[in-house]
Amino acid sequence: MAGRKRSSKRFPSHIDREKLPKGIYWDSSGNGHWYISYFDAENRQRRMRVAGSKAALSDLHRIIEAQAGVPRDTFDFIAKKYFESLDYSGLAASTKRGHKLSFRFISNFRTKQSTRLGSEPLSKWSYGLAQKLLDLFAKERGPTAANHSARFARRVFNWARQRDYVNHNPFERLKFAKERQRRRLPSKESYFSVLEFSKTTGYRYLWAVMELAYLCRMRGIEVLDLSDANEMEDGLLAERRKGSRDNITKWNSRLRRAWDSLKVIRDEIYEKKGIPIPINKHERYIVVSRSGYRLTKQALDTAWQRVITDALNQGIISESERFSLHDLKRMGVTNTKGTRAEKQQASGHRSAAMLDVYDLEVPVVDAVEDD
């Protein structure tokens, strides 16, 4: 028995279905329109309207032919080449995510003619256009996000110019948006309030991560790098990133309690999930997810934001007392007793200039003594 023929009441009568180009689809909603499906920079599937109901079959073929490849003389093209390069593949995962996000904002920005900026010819990318774009992004997304996008675009154009894809970089003479310098120093009261509150949440590891970050003056990602190999007889070995010097923080009761708590949580997860304990100490990470694998920086950031938001909503701390996980390193450096040289040794910073970013202690000096 032959199958029932699909209804075509809403399908344009002047279009032969059998001759439709591959990759174009009909949407009968409203007055009807043609669209294509694609994946954006974040690998999410999107739809884009490309023609109205009166478009001829030849128009649809031309549209698909144009979509078949990214035109060479566009920002989309040089960005695509950059994303395929070794320069990009060697970046950290968080940096890659930031670059993809910046690309999406720039490429999908609509010009006055309602065309995507990413598909505009590179000959139209001037210094003035780049500055206007940054100024607009600063208003819509804030100065920090705008500067990140501009730096990404500058990097892509520099990469492309070195390989003769372009002969100029419209982003090299930018006046960047002024960013607010935020050097927050949590008070001990707000720190302990969040610390105790975090123990009541589902993130069992968070309070101990806070203690390690504060007591050892570490970044959050450095805490996640810790494994059983960092546990020394006299203290905890901090293997620091961004060129800082490694050092060992001597054990005290708080540091030992936080460390042992993380080991207990991890071992419970290993046993529950039936995960064999790695023989190599370097593979036995101290902070693990519920699945037993090393906790990612993205997961830690998500947990932190949820706990801080809940703490604000429940009045545990006020908005003015809000702080980030990274601010705990600043708090630890500032509260370290001793001379500046001793603080610099404790923080692992290689220069006094970097210490200034983290040490917010106000020096107490003697008054001038007249002869």
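Of the 371 residues in the protein chain, 42% are buried, where buried stands for a relative accessible area under 20%, exposed for over 50% and partly exposed for values in between (1.4 Å probe, protein chains only). The model is a predicted one, in which local features need pLDDT of at least 70 and side-chain atom pairs count only at pLDDT 80 or more, while totals for chains, interfaces and linings use all residues. Residues are numbered from 1 along each chain as its sequence is written, and side-chain values use heavy atoms, with hydrogens and water left out.

The chain holds 14 helices and 5 strands; these are DSSP runs numbered from the N terminus, with helices being H or I of at least four residues and strands E of at least two. Among contacts with a separation of 6 or more, 55% link residues 24 or more positions apart, a contact being heavy atoms within 4.5 Å. The accessible surface comes to about 22,600 Å², and carbon and sulfur atoms supply 49% of this area, as computed by the Shrake-Rupley method with a 1.4 Å probe.

Because 8 of its 9 residues are buried, α12 is largely enclosed by the rest of the structure. The buried residues run through Asp327, Leu328, Lys329, Arg330, Met331, Gly332, Val333 and Thr334. Helix α8 (residues 206-215) packs against α12 at an angle of about 45°, with the axes 7 Å apart; axes are lines fitted to C-alpha atoms, for helices over the stretch in contact, and angles run from 0 to 180 degrees between N-to-C directions. The two helices are therefore oblique to each other, given that angles under 35 degrees count as roughly parallel, over 145 as roughly antiparallel, 65 to 115 as roughly perpendicular and the rest as oblique. On the α8 side, Met210, Ala213 and Tyr214 meet Leu328, Lys329, Met331, Gly332 and Asn335 of α12. The residues of this contact divide into 5 nonpolar, 2 polar and 1 charged.

Two further residues can be visited in turn. Valine 307, in helix α11 (residues 297-313), is buried at a relative accessible area of 2%. Beyond its neighbours within four places in sequence, valine 307 contacts Phe197, Ser198, Thr201, Tyr203 and Leu206. Phenylalanine 197 lies 110 residues from valine 307 in sequence, yet their C-alpha atoms are 8.2 Å apart.

Histidine 99 belongs to helix α4 (residues 93-107) and, at 10% relative accessibility, counts as buried. Setting aside residues up to four places away in sequence, histidine 99 touches Tyr82, Phe83, Tyr88, Leu91, Phe152 and Arg155.

Terms used:
Nonpolar A, V, L, I, M, F, W, Y, C, P; charged D, E, K, R; others polar.
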